[in-house]
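Open the model in your viewer and keep the selection panel at hand.

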Protein chains: 2
Amino acid sequence: MRPIQMLVLGGLTFAAALPWEATADPLRDKATALFKPVPATVSQTQGRTLTEAQIALGKQLFFEPRLSRSHIISCNTCHNIGTGGADNVPTSVGHGWQKGPRNSPTVFNAVFNAAQFWDGRAEDLQAQAKGPIQASVEMNNTPERVEQTLASIPEYVAAFSAAFPKAEKPVSFDNMALAIEAFEATLTTPDSPFDRYLAGDDKALDAQQKEGLALFIDSGCSACHNGVNLGGQAYFPFGLVRKPTEDILPIGDKGRFAVTKTSSDAYVFRAAPLRNIALTAPYFHSGQVWELKEAVAIMGNSQLGRELKDKEVAAITAFLHGLSGRQPDVSYPILPASTASTPRPE
Amino acid sequence: MRPIQMLVLGGLTFAAALPWEATADPLRDKATALFKPVPATVSQTQGRTLTEAQIALGKQLFFEPRLSRSHIISCNTCHNIGTGGADNVPTSVGHGWQKGPRNSPTVFNAVFNAAQFWDGRAEDLQAQAKGPIQASVEMNNTPERVEQTLASIPEYVAAFSAAFPKAEKPVSFDNMALAIEAFEATLTTPDSPFDRYLAGDDKALDAQQKEGLALFIDSGCSACHNGVNLGGQAYFPFGLVRKPTEDILPIGDKGRFAVTKTSSDAYVFRAAPLRNIALTAPYFHSGQVWELKEAVAIMGNSQLGRELKDKEVAAITAFLHGLSGRQPDVSYPILPASTASTPRPE
């Protein structure tokens with residue numbers, strides 16, 4: 001497990017001299033004002049300090065198929081650590097092979113988003129973690145059954161006590177979510193070519209990628225896609241200028257309207273975070289677009305009202321490839337055995 | 001990754017002086033004649049030397065959901081590294097939420113079995129690996145589609161070339177199976193209490209476990225359950241003396257008869273390997289028995305024709321708990337991204 005260091009978001013400090021010679025670069029100056037590098041470690045979420053015990057427990061729970069009614073679906077099923085933190089199918093397959101309504105967002109760097117889900121209906125990762133476990137089309141479980149499952153396994157009882165030493169009832173659905181959040185906060189992907197460029201390494205991006213970065217800023221992409229995650233911070237109508245076709249923006253999914261019940265929120269979605277976007281096709285909440293360059297062209301059209309030229313699309317796409325960071329190094333957790341009182345799979 | 005050392009099966013050598021004082025022990029002498037400890041490392045299968053490049057590729061493939069038609073089922077789905085190398089449900093759930101006919105056997109130490117599957121229809125792990133990928137109720141894929149998938153991803157093309165440098169066509173369904181076998185051969189669980197006892201540590205098993213070991217030998221369990229894996233070496237009728245009830249031995253599954261078409265092979269199965277058996281409930285090919293002590297009692301009745309006393313069942317069960325070894329330490333592999341020519345999930 002990585003050491004926990006203090007994080008000041010947006011104030012990442014480099015302890016040693018940079019190994020490259022940075023030259024004056026107006027593009028970097030513009031970029032640095034809009035974007036922040038992915039920190040290597042996170043030690044707090046909402047002011048709550050994460051402990052090693054919580055992270056270790058959360059890792060077990062993230063991989064724990066017994067959080068699902070069937071005992072075969074875990075968080076990792078749809079947020080696969082090996083495939084960019086997502087499942088890379090149009091919409092996730094859950095209990096009984098039911099297909100969910102939206103594409104699974106990556107868990108990597110999700111701790112830096114202002115809210116979770118495509119419609120932002122969970123304010124943080126702990127709130128998010130409780131959703132799919134209970135959703136009938138996903139893990140199809142109940143908080144009571146989850147608590148009964150975890151309390152039936154002595155090793156989990158001990159791990160919850162160690163992770164939540166002051167809790168009156170350590171094994172709880174709430175604490176499960178807190179532990180999962182603690183682990184997920186470790187799933188960051190620092191050191192992307194873009195972040196190395198931001199830090200002063202002129203050669204980290206090639207000429208086409210720099211051209212793409214300039215276009216990304218100057219065309220207006222960065223108006224919504226900014227910050228650490230180049231997105232994930234605020235809500236915007238999909239189809240701001242022109243509505244995409246119905247296969248990409250299905251009429252039945254009104255996005256944030258379902259959360260706020262406000263008519264102006266119809267077809268409004270959280271700006272997608274773009275970190276590691278090259279690893280997590282297919283794209284958009286409907287998961288119907290497989291090629292990144294096609295997604296870029298659609299965005300140009302629907303959000304900016306511009307037909308981007310092929311060369312521009314290629315440059316922006318090349319830049320987006322530069323957002324793939326160092327993927328998390330996770331050792332597979334060993335999960336404790338069930339006991340006679342553990343609820344059986346259904 | 002663990003260093004590769006030479007293995008002489010059954011001839012495990014301890015390089016250093018034993019840290020305990022072994023005393024004369026007739027029970028250990030009997031046990032040593034029947035059982036062998038699990039080796040920590042395996043460097044060859046069928047005389048084929050396993051390379052680091054094959055093992056690394058095999059690990060990626062073991063976790064690769066794109067080997068399935070749906071892109072959501074990998075080897076690890078049913079042979080979960082975190083849960084004893086099995087899925088711990090009665091019978092596995094596969095493509096379209098179809099239920100397979102038999103309980104998923106553990107992949108741990110499977111390299112020491114004489115043959116794979118409950119009916120031994122695959123002579124080794126590479127032959128086994130090809131089965132579930134093609135089975136319509138499991139991963140529901142075809143060799144052609146698998147090859148097309150792997151060949152569409154440049155990182156896999158490079159990894160196959162490194163793993164099979166002399167092959168005319170490195171990316172092949174056969175080489176995929178060889179690489180998976182190479183990785184699976186690393187999934188051994190040495191250092192169980194029983195193995196430490198075999199090696200001379202008197203205190204590794206407690207009094208009840210030693211009583212259970214003596215009963216396991218003297219009652220006749222070890223006639224079928226012997227060798228490194230305490231099973232996995234030969235075939236025996238389930239219900240040798242008395243047929244179990246039909247829920248446990250369903251009429252429709254005739255076991256090895258389906259392989260040999262020989263009437264004497266009706267309801268014949270490979271003796272189940274018992275390593276880590278306490279971690280892989282439910283039991284038997286039908287997966288209908290959840291408690292290990294119940295499985296022990298059923299075996300006594302069906303195979304030995306004996307009503308084991310509660311105390312005997314408890315002792316044998318305690319001994320079987322001593323077969324849980326050190327679980328594999330596996331870092332989660334990062335899988336390369338799909339390309340435009342990668343077949344899409346169906």
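Which residues does Arg66(A) touch, not counting residues up to four places away in sequence? This is a predicted model, so read the contacts below as those of a prediction. Select Arg66(A) and display its surroundings: the residues touched are His71(A), Asn141(A), Thr149(A), Ile153(A), Tyr156(A), Leu335(A), Pro336(A), Ala337(A) and Ser338(A).

Next, colour chain A by secondary structure. Arg66(A) lies in the loop that runs between α2 (52-62) and α3 (75-78). Is Arg66(A) buried or exposed? Its relative accessible area is 7%; because the cut-off for buried is under 20%, Arg66(A) counts as buried.

Now show side chains and pick out two partners. The Arg66(A) side chain is in polar contact with the side chain of Glu64(A) at 2.9 Å. A second polar contact, at 2.8 Å, joins the side chain of Arg66(A) to that of Ser338(A).

Move on to the interface by selecting chain A and chain B together. Here 36 residues of chain A are in contact with 36 residues of chain B. The two chains bury about 2800 Å² between them, with 70% of this on carbon and sulfur atoms. Select Ile72(A), Trp97(A) and Tyr332(A): they supply 27% of the area that chain A buries against chain B, more than any other three residues. On the side of chain A that touches chain B there are 21 nonpolar, 11 polar and four charged residues.

Last, look for polar links across the interface of chain A and chain B. Eight residue pairs are in polar contact there, and zero salt bridges are found.

Conventions:
Residues are numbered from 1 along each chain as its sequence is written. Chains are lettered from A and ligands numbered from 1 in the order in which they are written. This is a predicted model: local features need pLDDT of at least 70, side-chain atom pairs count only at pLDDT 80 or more; totals for chains, interfaces and linings use all residues. Side-chain values use heavy atoms; hydrogens and water are left out. Helices (H or I, at least four residues) and strands (E, at least two) are DSSP runs, numbered from the N terminus. Buried means under 20% relative accessible area, exposed over 50%, partly exposed in between (1.4 Å probe, protein chains only). A polar contact is a pair of N or O atoms within 3.5 Å; within protein, one must be able to donate a hydrogen and the other to accept it, and residues adjacent in sequence count only if both atoms are side-chain atoms. Contact means heavy atoms within 4.5 Å. Buried area is the accessible area (1.4 Å probe) that two parts lose on being put together, summed over both. A salt bridge is a side-chain nitrogen of Lys or Arg within 4 Å of a carboxyl oxygen of Asp or Glu. Ala, Val, Leu, Ile, Met, Phe, Trp, Tyr, Cys and Pro count as nonpolar, Asp, Glu, Lys and Arg as charged, and the others, Gly among them, as polar.
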